[in-house]
Amino acid sequence: MKVTVAKTAGFCFGVKRAVETVYEQLNVHPDVPIYTWGPIIHNEEVLADLERRGVKTIESLDEIGELPKGIIIVRAHGVSREVFEHLDQSGMRVIDATCPFVKKIHRIVEQKSGEGNQIIVVGSGAHPEVQGIVGWSKTPAKVIESVEEAGKYYPDAEKTVCIVAQTTFNYKKFKDVVEKISEKSYDSTAVDTICNATYERQREAAELSAQSDIMFVIGGKSSSNTQKLYEICRQHCPHTHYIQTAEDIADEWLWTDASVGITAGASTPKNIIEEVQTKCQN
Ligand code: F3S
């Protein structure tokens, strides 16, 4: 069996940086309570390890007042300006591990909305990254997830439209949405804020799945970027499986002489990818 692991599988720069920040703080301040704003990563195993080490996940601003003072780490997805200011005034020490690429979107949205532009965020409104981005707009931002939605949306004709994307959004879908909006001949500018890490991972996944008989996509159940990888691989390889760990692999999925491709979402640690690789090889 030939097993190939995608070079871009696993942690991206921003997630690696955020996770390392938490471990670093645990080392430097072993006696100080450490909190993360929301789960630092979409990976159950990493989260369980952090919990064992005493890291607590905070889900709402109401919880903060009741907790002993400590360090609160903002995850790579980022937060809205309102949440950030609340955290800052809570008496906790705030460490901002927002990915610099997400931070850049916050700055664009803040500036362009301040100049009177209508902000459109192409992405999933349910995703915390998008909610954070929307929260930096000085005027109500519109979230659009599909070309159909773009077709039904008519912004104020007086306003210039500024379109940005969720970093993990599918590049082709983003282009289609932008095209749909410019068809209506609004004065619009689109800033492609899709992260290169995602694009590269998607491109490599498409290429690898096209050459593989069996494809494994590893990632947490709630990771949107893993779900997208799965959709892409599925188009090229009908034997694509979405798994969380090596234990999910059923023996009947594998056959002798098959070429197996492996990729993983941005939140999948290296050791999990290696376990899947070993299981396939054995
Ligand atoms: Fe940042 Fe890109 Fe990862 S935006 S969090 S490096 S997917």
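The protein chain has a secondary structure of 11 helices and 12 strands, where helices (H or I, at least four residues) and strands (E, at least two) are DSSP runs numbered from the N terminus. Its radius of gyration, taken over C-alpha atoms, is 21 Å, close to the 19 Å that the globule rule (2.2 Å times the number of residues to the power 0.38) gives for 282 residues, so the chain is as compact as a globular protein of that length. The C-alpha trace spans about 60 × 55 × 25 Å along its principal axes.

This is a predicted model, in which local features need pLDDT of at least 70 and side-chain atom pairs count only at pLDDT 80 or more, while totals for chains, interfaces and linings use all residues. Residues are numbered from 1 along each chain as its sequence is written, and side-chain values use heavy atoms, with hydrogens and water left out.

Of the 282 residues, 50% count as buried. Buried means under 20% relative accessible area, exposed over 50%, and partly exposed in between (1.4 Å probe, protein chains only).

| Residue | Relative accessible area | Class |
|---|---|---|
| Glu-275 | 42% | partly exposed |
| Asp-257 | 68% | exposed |

Glu-275 lies in helix α11. Asp-257 is found in the loop between β11 (240-243) and β12 (259-264). Most residues other than glycine have a negative phi. Asp-257 is not a glycine, yet it has a positive phi of about 70°.
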